Amino acid sequence: MTMPPDLQPETTVVAAGRPARDPGAPVVAPVVLSSTYGAGGAVAYGRTGNPTWEALEDALGALEGGSAVSFASGMAAATTLLETLPLGARVVAPASGYYEVRSFLTDRAEGGRFDVELVDVADTGATLDACRGASLLWVESPTNPLLNVADLPALIDGAHEAGALVVVDNTFATPLLQRPLDLGADAVLHSVTKFLSGHSDLLLGAVVTRDTELYAALAGLRGLYGGVPGPLEAFLALRGLRTLAVRLERAQASALTLAQRLAAHPAVERVRYPGLPSDPGYDRARRQMRGFGAMLSFELRAGAEAAERACAAVRVITHATSLGGVESLMERRARWAGEVEMGTPPALIRLSVGIEHVEDLWADLERALSAAVQR
Ligand SMILES: *Cc1c(COP(=O)(O)O)cnc(C)c1O
(Lines give C-alpha, C1' and ligand atoms only; values in the text may rest on other atoms or scores of the structure.)
Protein backbone atom coordinates (compact mmCIF):
# COMPACT_ATOMS: atom_id res chain seq x y z
CA MET A 1 0.00 0.00 0.00
CA THR A 2 1.40 3.46 -0.80
CA MET A 3 1.53 5.81 2.18
CA PRO A 4 2.07 9.56 2.20
CA PRO A 5 5.82 10.40 2.25
CA ASP A 6 7.61 11.87 5.27
CA LEU A 7 5.53 10.23 7.99
CA GLN A 8 6.96 10.20 11.49
CA PRO A 9 8.24 6.74 12.51
CA GLU A 10 5.55 6.58 15.23
CA THR A 11 3.01 6.68 12.39
CA THR A 12 4.92 4.37 10.04
CA VAL A 13 5.03 1.70 12.74
CA VAL A 14 1.22 1.70 12.74
CA ALA A 15 0.52 2.33 9.05
CA ALA A 16 3.09 0.26 7.11
CA GLY A 17 2.48 -3.32 6.01
CA ARG A 18 -1.31 -3.01 5.66
CA PRO A 19 -3.38 -4.48 2.83
CA ALA A 20 -4.57 -2.18 0.01
CA ARG A 21 -7.59 -0.07 1.06
CA ASP A 22 -10.12 -1.68 -1.24
CA PRO A 23 -13.77 -1.68 -0.16
CA GLY A 24 -14.34 -4.78 1.93
CA ALA A 25 -10.60 -5.54 2.21
CA PRO A 26 -9.18 -6.57 5.60
CA VAL A 27 -7.45 -3.78 7.54
CA VAL A 28 -4.98 -6.23 9.08
CA ALA A 29 -2.72 -8.43 6.95
CA PRO A 30 -4.11 -11.96 7.34
CA VAL A 31 -2.05 -14.90 8.51
CA VAL A 32 -1.59 -17.17 5.51
CA LEU A 33 -0.59 -20.67 6.57
CA SER A 34 -0.62 -22.31 3.14
CA SER A 35 2.59 -24.14 2.19
CA THR A 36 1.86 -23.99 -1.53
CA TYR A 37 0.10 -21.70 -4.02
CA GLY A 38 -1.72 -22.04 -7.32
CA ALA A 39 0.74 -22.22 -10.21
CA GLY A 40 1.59 -19.05 -12.15
CA GLY A 41 1.37 -16.47 -9.32
CA ALA A 42 3.98 -14.34 -7.52
CA VAL A 43 4.33 -16.80 -4.63
CA ALA A 44 4.80 -20.49 -5.45
CA TYR A 45 5.94 -22.32 -2.33
CA GLY A 46 6.16 -21.52 1.38
CA ARG A 47 9.96 -21.69 1.63
CA THR A 48 10.43 -18.92 -0.94
CA GLY A 49 7.62 -16.54 -0.07
CA ASN A 50 4.57 -15.86 2.09
CA PRO A 51 2.08 -12.94 2.12
CA THR A 52 2.27 -12.56 5.92
CA TRP A 53 6.10 -12.29 5.86
CA GLU A 54 5.76 -9.72 3.11
CA ALA A 55 3.48 -7.53 5.24
CA LEU A 56 5.99 -7.66 8.10
CA GLU A 57 8.88 -7.02 5.70
CA ASP A 58 7.08 -4.00 4.23
CA ALA A 59 6.73 -2.53 7.71
CA LEU A 60 10.35 -3.26 8.76
CA GLY A 61 11.65 -1.93 5.44
CA ALA A 62 9.64 1.29 5.80
CA LEU A 63 10.92 1.79 9.37
CA GLU A 64 14.61 1.31 8.54
CA GLY A 65 14.43 2.91 5.10
CA GLY A 66 15.30 -0.16 3.00
CA SER A 67 14.02 -3.58 1.96
CA ALA A 68 13.68 -6.30 4.58
CA VAL A 69 14.18 -10.06 4.42
CA SER A 70 12.73 -11.91 7.42
CA PHE A 71 14.12 -15.11 8.93
CA ALA A 72 13.19 -17.71 11.54
CA SER A 73 15.31 -15.93 14.20
CA GLY A 74 17.88 -13.21 14.60
CA MET A 75 20.61 -15.86 14.34
CA ALA A 76 19.14 -17.27 11.10
CA ALA A 77 19.29 -13.70 9.75
CA ALA A 78 22.86 -13.16 11.02
CA THR A 79 24.31 -16.45 9.78
CA THR A 80 22.62 -16.16 6.37
CA LEU A 81 23.98 -12.63 6.02
CA LEU A 82 27.49 -13.83 6.89
CA GLU A 83 27.15 -16.67 4.37
CA THR A 84 26.90 -14.09 1.56
CA LEU A 85 30.62 -13.38 2.12
CA PRO A 86 33.31 -15.12 0.05
CA LEU A 87 35.38 -17.99 1.50
CA GLY A 88 38.11 -16.71 3.82
CA ALA A 89 36.60 -13.19 4.02
CA ARG A 90 38.04 -10.98 6.73
CA VAL A 91 35.34 -9.98 9.23
CA VAL A 92 35.82 -7.42 12.00
CA ALA A 93 33.34 -7.97 14.83
CA PRO A 94 32.73 -6.93 18.46
CA ALA A 95 34.84 -8.75 21.07
CA SER A 96 32.03 -7.98 23.52
CA GLY A 97 28.61 -8.19 21.93
CA TYR A 98 25.87 -10.69 21.19
CA TYR A 99 27.65 -13.91 22.06
CA GLU A 100 26.27 -16.30 19.42
CA VAL A 101 27.29 -14.05 16.51
CA ARG A 102 30.80 -13.94 17.91
CA SER A 103 30.92 -17.70 18.48
CA PHE A 104 29.58 -18.45 14.97
CA LEU A 105 32.39 -16.33 13.54
CA THR A 106 35.17 -17.72 15.72
CA ASP A 107 34.02 -21.34 15.19
CA ARG A 108 33.96 -20.85 11.42
CA ALA A 109 37.32 -19.06 11.54
CA GLU A 110 38.93 -22.30 12.74
CA GLY A 111 37.97 -24.05 9.52
CA GLY A 112 39.09 -21.08 7.38
CA ARG A 113 35.57 -19.96 6.44
CA PHE A 114 36.27 -16.49 7.85
CA ASP A 115 39.34 -14.57 8.98
CA VAL A 116 37.97 -12.96 12.14
CA GLU A 117 39.34 -10.01 14.10
CA LEU A 118 37.55 -9.13 17.35
CA VAL A 119 37.67 -5.49 18.44
CA ASP A 120 36.21 -3.04 20.93
CA VAL A 121 33.75 -1.27 18.63
CA ALA A 122 33.63 1.71 21.01
CA ASP A 123 37.32 2.25 20.12
CA THR A 124 37.00 3.85 16.69
CA GLY A 125 40.74 3.96 15.92
CA ALA A 126 41.37 0.29 16.77
CA THR A 127 38.24 -0.82 14.89
CA LEU A 128 39.20 1.07 11.73
CA ASP A 129 42.82 -0.22 11.91
CA ALA A 130 41.38 -3.74 11.90
CA CYS A 131 39.22 -2.93 8.86
CA ARG A 132 42.21 -2.80 6.50
CA GLY A 133 41.69 -5.67 4.06
CA ALA A 134 38.33 -6.59 5.61
CA SER A 135 35.20 -7.53 3.66
CA LEU A 136 32.85 -6.70 6.51
CA LEU A 137 32.62 -4.70 9.70
CA TRP A 138 29.94 -6.03 12.07
CA VAL A 139 28.87 -3.46 14.67
CA GLU A 140 26.45 -3.47 17.56
CA SER A 141 25.43 -0.21 19.20
CA PRO A 142 24.54 -0.01 22.02
CA THR A 143 26.37 -3.28 22.70
CA ASN A 144 25.14 -6.28 24.63
CA PRO A 145 25.57 -6.38 27.62
CA LEU A 146 27.95 -3.48 28.35
CA LEU A 147 25.82 -0.77 26.65
CA ASN A 148 28.88 0.66 24.90
CA VAL A 149 28.05 3.09 22.12
CA ALA A 150 30.02 2.89 18.87
CA ASP A 151 30.61 6.02 16.80
CA LEU A 152 28.49 4.79 13.89
CA PRO A 153 29.07 7.65 11.39
CA ALA A 154 32.87 7.48 11.88
CA LEU A 155 32.98 3.67 11.69
CA ILE A 156 30.75 3.50 8.62
CA ASP A 157 32.73 6.13 6.70
CA GLY A 158 36.10 4.70 7.76
CA ALA A 159 35.15 1.10 6.97
CA HIS A 160 33.86 2.12 3.55
CA GLU A 161 37.16 3.91 2.84
CA ALA A 162 38.91 0.65 3.73
CA GLY A 163 36.63 -1.20 1.28
CA ALA A 164 34.53 -3.06 3.90
CA LEU A 165 30.76 -3.34 4.05
CA VAL A 166 29.13 -2.40 7.36
CA VAL A 167 26.36 -4.30 9.14
CA VAL A 168 24.77 -2.76 12.25
CA ASP A 169 22.89 -4.96 14.71
CA ASN A 170 20.13 -2.50 15.64
CA THR A 171 18.29 -4.82 18.06
CA PHE A 172 18.90 -2.73 21.20
CA ALA A 173 18.04 0.65 19.62
CA THR A 174 15.24 -0.28 17.16
CA PRO A 175 14.61 1.88 14.06
CA LEU A 176 12.58 4.29 16.18
CA LEU A 177 15.73 5.40 17.97
CA GLN A 178 18.47 4.79 15.39
CA ARG A 179 18.48 4.40 11.59
CA PRO A 180 21.87 3.01 10.53
CA LEU A 181 21.02 2.90 6.79
CA ASP A 182 20.60 6.70 6.89
CA LEU A 183 24.12 6.88 8.36
CA GLY A 184 25.41 4.86 5.39
CA ALA A 185 25.40 1.29 6.76
CA ASP A 186 24.98 -1.42 4.12
CA ALA A 187 22.64 -3.58 6.17
CA VAL A 188 20.83 -3.61 9.49
CA LEU A 189 20.25 -6.77 11.49
CA HIS A 190 17.34 -7.31 13.87
CA SER A 191 16.41 -9.90 16.36
CA VAL A 192 12.68 -9.21 15.90
CA THR A 193 12.29 -11.54 18.90
CA LYS A 194 13.12 -8.55 21.13
CA PHE A 195 11.70 -5.00 21.08
CA LEU A 196 10.13 -5.10 17.61
CA SER A 197 7.71 -7.90 18.43
CA GLY A 198 7.87 -6.98 22.11
CA HIS A 199 5.94 -9.72 23.91
CA SER A 200 8.48 -12.53 24.43
CA ASP A 201 6.20 -14.93 22.57
CA LEU A 202 8.06 -15.66 19.32
CA LEU A 203 11.44 -15.85 17.57
CA LEU A 204 12.03 -13.98 14.34
CA GLY A 205 14.84 -12.07 12.64
CA ALA A 206 15.38 -9.69 9.74
CA VAL A 207 18.00 -8.00 7.61
CA VAL A 208 17.18 -4.64 6.03
CA THR A 209 19.26 -3.18 3.18
CA ARG A 210 19.13 -0.70 0.29
CA ASP A 211 21.57 -2.83 -1.73
CA THR A 212 19.46 -4.68 -4.31
CA GLU A 213 22.14 -7.33 -4.93
CA LEU A 214 22.49 -8.09 -1.24
CA TYR A 215 18.70 -8.20 -0.90
CA ALA A 216 18.43 -10.75 -3.74
CA ALA A 217 21.29 -12.82 -2.31
CA LEU A 218 19.64 -12.92 1.13
CA ALA A 219 16.21 -13.81 -0.20
CA GLY A 220 17.78 -16.56 -2.34
CA LEU A 221 19.91 -18.02 0.47
CA ARG A 222 16.96 -17.96 2.86
CA GLY A 223 15.11 -20.28 0.51
CA LEU A 224 18.15 -22.58 0.21
CA TYR A 225 19.08 -22.78 3.90
CA GLY A 226 15.40 -22.84 4.77
CA GLY A 227 15.58 -20.66 7.89
CA VAL A 228 12.18 -19.19 7.09
CA PRO A 229 9.86 -17.54 9.61
CA GLY A 230 6.59 -19.23 10.47
CA PRO A 231 3.64 -17.24 9.07
CA LEU A 232 1.99 -17.17 12.49
CA GLU A 233 5.16 -15.73 14.02
CA ALA A 234 5.27 -13.10 11.27
CA PHE A 235 1.64 -12.20 12.02
CA LEU A 236 2.31 -11.90 15.76
CA ALA A 237 5.49 -9.90 15.16
CA LEU A 238 3.60 -7.41 13.03
CA ARG A 239 0.85 -7.16 15.64
CA GLY A 240 3.43 -6.54 18.35
CA LEU A 241 5.27 -4.00 16.20
CA ARG A 242 2.18 -1.75 16.05
CA THR A 243 2.71 -0.65 19.67
CA LEU A 244 6.50 -0.27 19.51
CA ALA A 245 6.45 3.53 19.82
CA VAL A 246 4.27 3.63 22.93
CA ARG A 247 6.05 0.67 24.52
CA LEU A 248 9.45 2.27 23.98
CA GLU A 249 8.33 5.67 25.21
CA ARG A 250 7.25 4.20 28.55
CA ALA A 251 10.12 1.74 28.85
CA GLN A 252 12.88 4.20 28.14
CA ALA A 253 11.47 6.83 30.50
CA SER A 254 11.46 4.16 33.23
CA ALA A 255 14.97 3.01 32.23
CA LEU A 256 16.32 6.52 32.78
CA THR A 257 14.67 6.77 36.21
CA LEU A 258 15.95 3.33 37.25
CA ALA A 259 19.46 4.10 35.94
CA GLN A 260 19.59 7.34 37.96
CA ARG A 261 18.37 5.65 41.13
CA LEU A 262 20.66 2.63 40.72
CA ALA A 263 23.62 4.97 40.19
CA ALA A 264 22.85 6.56 43.58
CA HIS A 265 22.34 3.21 45.39
CA PRO A 266 25.10 2.20 47.84
CA ALA A 267 25.06 -1.48 46.72
CA VAL A 268 25.76 -0.53 43.10
CA GLU A 269 29.32 -0.12 41.85
CA ARG A 270 28.53 1.15 38.37
CA VAL A 271 25.59 1.65 36.01
CA ARG A 272 25.80 1.63 32.22
CA TYR A 273 23.00 3.48 30.46
CA PRO A 274 23.73 5.78 27.51
CA GLY A 275 21.11 8.25 28.76
CA LEU A 276 23.11 9.14 31.88
CA PRO A 277 25.20 12.28 31.17
CA SER A 278 28.06 10.64 33.10
CA ASP A 279 28.03 7.58 30.80
CA PRO A 280 30.94 7.27 28.33
CA GLY A 281 28.43 6.70 25.51
CA TYR A 282 26.21 9.70 26.26
CA ASP A 283 27.58 12.20 23.71
CA ARG A 284 27.68 9.68 20.88
CA ALA A 285 24.20 8.42 21.70
CA ARG A 286 22.87 11.98 21.67
CA ARG A 287 24.41 12.55 18.24
CA GLN A 288 23.20 9.38 16.54
CA MET A 289 20.08 8.27 18.44
CA ARG A 290 16.61 9.75 19.00
CA GLY A 291 16.40 8.23 22.47
CA PHE A 292 18.54 6.11 24.79
CA GLY A 293 16.54 2.88 24.81
CA ALA A 294 15.27 0.57 27.52
CA MET A 295 18.36 -1.56 28.24
CA LEU A 296 20.75 -0.94 31.10
CA SER A 297 23.32 -2.86 33.07
CA PHE A 298 24.74 -2.45 36.55
CA GLU A 299 27.37 -4.10 38.71
CA LEU A 300 27.00 -4.90 42.38
CA ARG A 301 29.84 -4.01 44.76
CA ALA A 302 29.23 -7.21 46.73
CA GLY A 303 30.14 -9.43 43.75
CA ALA A 304 28.73 -12.22 41.61
CA GLU A 305 26.98 -14.20 44.35
CA ALA A 306 25.16 -11.10 45.55
CA ALA A 307 24.14 -10.42 41.95
CA GLU A 308 22.72 -13.96 41.72
CA ARG A 309 20.82 -13.39 44.99
CA ALA A 310 19.39 -10.13 43.65
CA CYS A 311 18.19 -11.90 40.50
CA ALA A 312 16.62 -14.66 42.59
CA ALA A 313 14.87 -12.10 44.82
CA VAL A 314 12.94 -10.05 42.25
CA ARG A 315 9.17 -10.59 42.20
CA VAL A 316 7.88 -8.05 39.66
CA ILE A 317 10.87 -8.25 37.33
CA THR A 318 11.39 -11.77 35.94
CA HIS A 319 14.74 -13.53 36.35
CA ALA A 320 15.25 -14.74 32.78
CA THR A 321 17.42 -14.16 29.74
CA SER A 322 16.30 -12.21 26.64
CA LEU A 323 15.03 -8.65 26.42
CA GLY A 324 12.69 -6.21 24.74
CA GLY A 325 9.37 -7.55 26.04
CA VAL A 326 6.59 -5.69 27.85
CA GLU A 327 7.71 -7.48 31.03
CA SER A 328 10.98 -6.44 32.69
CA LEU A 329 13.68 -9.13 32.68
CA MET A 330 17.02 -9.30 34.41
CA GLU A 331 19.90 -11.70 34.73
CA ARG A 332 23.54 -11.91 35.74
CA ARG A 333 25.07 -12.24 32.29
CA ALA A 334 28.24 -14.02 33.42
CA ARG A 335 26.11 -17.01 34.46
CA TRP A 336 26.74 -18.02 30.81
CA ALA A 337 30.19 -19.48 30.03
CA GLY A 338 30.37 -17.52 26.77
CA GLU A 339 29.95 -14.23 28.59
CA VAL A 340 32.82 -15.07 30.93
CA GLU A 341 34.96 -15.70 27.83
CA MET A 342 33.96 -12.23 26.52
CA GLY A 343 35.11 -10.58 29.74
CA THR A 344 31.67 -9.58 31.02
CA PRO A 345 32.13 -8.43 34.66
CA PRO A 346 31.04 -11.27 37.02
CA ALA A 347 28.69 -9.05 39.06
CA LEU A 348 27.03 -7.38 36.05
CA ILE A 349 23.25 -7.59 35.84
CA ARG A 350 21.53 -6.76 32.56
CA LEU A 351 18.08 -5.25 32.94
CA SER A 352 15.56 -5.05 30.12
CA VAL A 353 13.02 -2.48 31.28
CA GLY A 354 9.40 -3.26 30.44
CA ILE A 355 6.25 -1.19 30.62
CA GLU A 356 5.18 -1.83 34.22
CA HIS A 357 4.78 1.14 36.60
CA VAL A 358 8.25 2.47 37.32
CA GLU A 359 7.64 2.69 41.09
CA ASP A 360 6.76 -1.01 41.25
CA LEU A 361 9.97 -1.79 39.36
CA TRP A 362 12.05 0.39 41.66
CA ALA A 363 10.49 -1.05 44.82
CA ASP A 364 11.22 -4.54 43.49
CA LEU A 365 14.85 -3.68 42.69
CA GLU A 366 15.43 -1.98 46.04
CA ARG A 367 13.99 -4.93 47.93
CA ALA A 368 16.05 -7.40 45.88
CA LEU A 369 19.24 -5.39 46.37
CA SER A 370 18.84 -5.22 50.12
CA ALA A 371 18.02 -8.95 50.27
CA ALA A 372 21.14 -9.61 48.18
CA VAL A 373 23.63 -7.66 50.27
CA GLN A 374 22.28 -8.53 53.76
CA ARG A 375 24.31 -11.63 54.54
C1 LIG B 1 18.76 -11.85 20.66
C2 LIG B 1 19.79 -11.14 19.85
C3 LIG B 1 20.28 -11.70 18.66
C4 LIG B 1 19.83 -13.06 18.16
O5 LIG B 1 18.49 -13.10 17.88
P6 LIG B 1 17.55 -14.43 18.07
O7 LIG B 1 16.23 -13.94 17.62
O8 LIG B 1 17.62 -14.81 19.51
O9 LIG B 1 18.13 -15.48 17.20
C10 LIG B 1 21.21 -10.96 17.94
N11 LIG B 1 21.65 -9.77 18.37
C12 LIG B 1 21.22 -9.21 19.52
C13 LIG B 1 21.75 -7.89 19.95
C14 LIG B 1 20.27 -9.88 20.29
O15 LIG B 1 19.85 -9.33 21.45
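This is a predicted model: local features need pLDDT of at least 70, side-chain atom pairs count only at pLDDT 80 or more; totals for chains, interfaces and linings use all residues.
Of the 15 residues that line the second largest pocket, Glu54, Glu57, Asp58, Gly61 and Ala62 are the closest to its centre. At least two lining residues come from each of helix 2 and strand 1 (67-71), and helix 2 gives the largest share, five residues.

Two packed helices are described by the angle between their axes and the distance between the axes. For helix 2 (residues 51-64) and helix 8 (residues 231-241), the axes come within 8 Å and cross at roughly 35 degrees. The crossing of helix 2 past helix 8 is left-handed. On the helix 2 side, Thr52, Trp53, Ala55, Leu56, Ala59, Leu60 and Leu63 take part in the contact, and they meet Pro231, Ala234, Phe235, Ala237, Leu238 and Leu241 of helix 8. By class, the residues of this contact are 12 nonpolar, one polar and no charged.

That leaves the largest pocket, with a volume of about 540 Å³. It is lined by 28 residues, of which Tyr98, Glu100, Ser191, Lys194 and Ser322 are the closest to the centre. Helix 3 (74-82), helix 4 (99-110) and strand 6 (187-191) are the elements that give two or more residues to this lining. The lining of the largest pocket divides into 11 nonpolar, nine polar and eight charged residues.

Note on methods:
Residues are numbered from 1 along each chain as its sequence is written. Side-chain values use heavy atoms; hydrogens and water are left out. Axes are lines fitted to C-alpha atoms, for helices over the stretch in contact, and angles run from 0 to 180 degrees between N-to-C directions. Helices (H or I, at least four residues) and strands (E, at least two) are DSSP runs, numbered from the N terminus. A crossing is left-handed if the near helix is turned anticlockwise from the far one by less than a right angle, and right-handed if clockwise. Contact means heavy atoms within 4.5 Å. Ala, Val, Leu, Ile, Met, Phe, Trp, Tyr, Cys and Pro count as nonpolar, Asp, Glu, Lys and Arg as charged, and the others, Gly among them, as polar. On a 1 Å grid over the protein atoms alone, a cavity is a set of points where a 1.4 Å probe fits but cannot get out, and a pocket is an open set with protein on both sides within 12 Å along at least five of seven lines; lining residues have an atom within 4 Å of a point. Grid points are joined across faces, edges and corners, and a volume is the space filled by probe spheres set on the points.
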